[in-house]
Amino acid sequence: MSWNKPHLLDIESLTADEITTVLDTATAFKAVGERAIKKVPALRGKTVVNFFVEPSTRTRISFELAAQRLSADVINFSAEASSLKKGETLKDTARNLEALNADIIIIRHSATGAPHFLSRFLKSSVVNAGDGAHEHPTQALLDTFTIREKKGKVAGLNVTILGDILYSRVARSNIWSLLKLGANVTLCGPSTLVPKVFEKMGCKVTWNLEEAIRDADVVNLLRIQHERQRKAMFPNIGEYTSLFGINKTRFKNMKPDVLIMHPGPINRGVEIDSQVADCDQSVILQQVTNGLAVRMAVLFLVSGGKGPQEVAAPTA
Amino acid sequence: MPERLIIMNPAALQRTLSRMAHEIAEKNDASNDIIVVGVQRGGVHLASRLATQLEQICGHPIPTGTLDVNFYRDDLDTNYTPNVQPTQIPADITGKVVVLVDDVLFSGRTTRAAMDALKDLGRPRRIQLAVLVDRGHRELPIKADFVGKSIPTARAENVDLKLKEDQGDDTVYLERI
């Protein structure tokens with residue numbers, strides 16, 4: 001077990017051991033979430049700021065609840081209601097939050113690298129809750145956690161990520177996490193959204209759905225991110241569904257123990273049919289539950305001291 | 001090279017645990033209510049050894065669990081890198097006698113955290129504390145009910161115990177650094 005980082009900025013810079021530490025810690029927090037008393041005093045007296053410059057509901061709520069279950073105080077700060085609208089720079093806004101003695105700043109921003117930028121001058125811990133099309137580390141950690149929980153391992157599994165890869169920070173973070181833990185990653189979707197250049201990261205790229213799902217142990221479906229597409233990347237939604245949507249027939253051609261995952265929100269009838277979304281192999285709602293445990297683990301670990309463990313963990 | 005003194009050899013360790021098990025049985029007439037809980041990580045194997053002996057004395061199974069106290073510690077943001085281990089308690093602790101087991105009693109802060117952690121899992125009728133070594137230097141008003149050996153130590157010294165279960169030699173050492 002090892003974790004000595006004050007921030008969680010991306011998965012790319014983590015080691016396999018650090019990823020495993022988050023997953024192991026999250027296992028303990030998941031058990032906390034199943035008790036009658038779901039709260040622990042670990043971050044009592046700490047202030048956590050949810051600094052969401054780009055709108056989000058589920059990630060923000062998950063972080064908010066995670067912070068509350070650790071007994072931290074939480075402030076929600078969204079771009080619409082903020083002074084960013086009045087012309088303040090990101091740096092000045094962040095420094096103002098720091099001046100309130102915030103211990104952890106959770107940031108979502110449409111610009112790649114915004115969390116890294118903040119981490120260079122803030123004393124607070126910075127947690128990336130999604131930066132542009134770059135990374136969404138906690139989503140990848142909760143997806144990896146869910147795979148490990150259901151399959152008992154990650155190494156050697158065939159994981160297919162299907163859909164809008166080009167614009168997806170979830171895909172990028174997942175690719176790093178899965179490859180570092182030894183999974184085989186296949187990317188699939190329309191060629192305009194799944195460029196061959198992703199092979200440089202170490203995964204397989206195919207535009208043939210049947211080939212991508214035949215041997216998959218896990219299929220992670222991504223939503224088409226209309227809000228990020230500045231021009232039409234495929235003719236229409238109907239064509240996407242007929243070529244890449246997971247329906248009952250395609251589901252039958254998959255391995256019987258395949259895991260169906262989706263970071264949400266799902267678009268029923270587009271990338272996934274209702275029968276598949278609601279079947280026993282679908283773990284979409286369990287991902288939400290695990291997301292809470294993983295985010296508790298992340299907030300807990302970035303708050304840890306940086307001293308050597310021998311000094312740190314006295315036996316009495 | 002730190003100086004290492006043996007303060008308990010394997011035979012002494014076994015006799016000590018046997019004596020502690022008898023003391024636990026003696027103090028708790030209603031042995032059916034006992035739950036033995038080892039504090040991660042040093043207390044876990046000791047707890048299962050004590051429970052095995054208790055089962056022989058009482059003639060029935062004794063529920064045994066593990067407790068991780070990391071979420072309840074008070075030194076998270078000072079010099080401490082958390083290493084969270086599983087908490088597994090096999091039965092509801094409400095109304096039961098929980099015997100907390102740890103290897104070394106030092107500042108008392110781990111025990112304080114363990115009592116807070118137990119409080120969130122239920123309301124035990126009584127919590128008792130069993131430690132193999134009490135080395136002094138308490139920082140909180142905490143006292144063990146069952147003590148294997150009391151050893152006056154200096155702060156700079158270290159009590160080191162590695163059990164067979166952890167590929168150790170079942171010997172307790174005092175290290176002078």
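This is a predicted model: local features need pLDDT of at least 70, side-chain atom pairs count only at pLDDT 80 or more; totals for chains, interfaces and linings use all residues.

Reader: Then where does A:G156 fall: buried, partly exposed or exposed?

Author: A:G156 has 44% relative accessibility, so it counts as partly exposed. You'll find A:G156 in the loop between helix 5 (137-151) and strand 5 (158-162) of chain A.

Reader: And which residues does A:G156 contact, leaving aside its neighbours within four places in sequence?

Author: A contact means heavy atoms within 4.5 Å. With those neighbours set aside, A:G156 is in contact with A:G182, A:A183 and A:N184. As for A:L100, A:G156 is 56 residues from it in sequence and 47 Å from it in space, C-alpha to C-alpha.

Reader: What about A:V154, is it buried or exposed?

Author: A:V154 is buried, because its relative accessibility is 6%. A:V154 also sits in the loop between helix 5 and strand 5 of chain A. Not counting residues up to four places away in sequence, A:V154 touches A:T144, A:I147, A:R148, A:L178, A:L181, A:G182 and A:A183. Take A:T144 from that list: A:V154 and A:T144 are 10 residues apart in sequence and 7.5 Å apart in space, C-alpha to C-alpha.

Reader: Let's zoom out. How many helices and strands does chain A have?

Author: Chain A has 12 helices and 9 strands. Of its 316 residues, 57% are buried. Look at contacts between residues at least 6 apart in sequence: in chain A, 71% of them join residues at least 24 apart.

Reader: What radius of gyration would a compact globule of 316 residues have?

Author: It would be near 20 Å, and chain A has 20 Å, so the two agree. The C-alpha atoms of chain A fill a box of roughly 55 × 50 × 40 Å along the principal axes.

Reader: Now chain B. What span should helix 1 of chain B have?

Author: Count 1.5 Å a residue: the 18 residues of helix 1 (residues 10-27) of chain B should span 26 Å, and the end C-alpha atoms are 26 Å apart, so the numbers agree.

Reader: And which residues of helix 1 of chain B are buried?

Author: They are B:A12, B:L13, B:T16, B:L17, B:M20, B:A21, B:I24 and B:A25. These buried residues pack against several elements of chain B, including strand 1 (3-8), strand 2 (34-39) and helix 2 (44-58).

How values were computed:
Residues are numbered from 1 along each chain as its sequence is written. Chains are lettered from A and ligands numbered from 1 in the order in which they are written. Side-chain values use heavy atoms; hydrogens and water are left out. Helices (H or I, at least four residues) and strands (E, at least two) are DSSP runs, numbered from the N terminus. The expected span of a helix is 1.5 Å times one less than its number of residues. Buried means under 20% relative accessible area, exposed over 50%, partly exposed in between (1.4 Å probe, protein chains only). The radius of gyration is taken over C-alpha atoms; the globule rule is 2.2 Å times the number of residues to the power 0.38.
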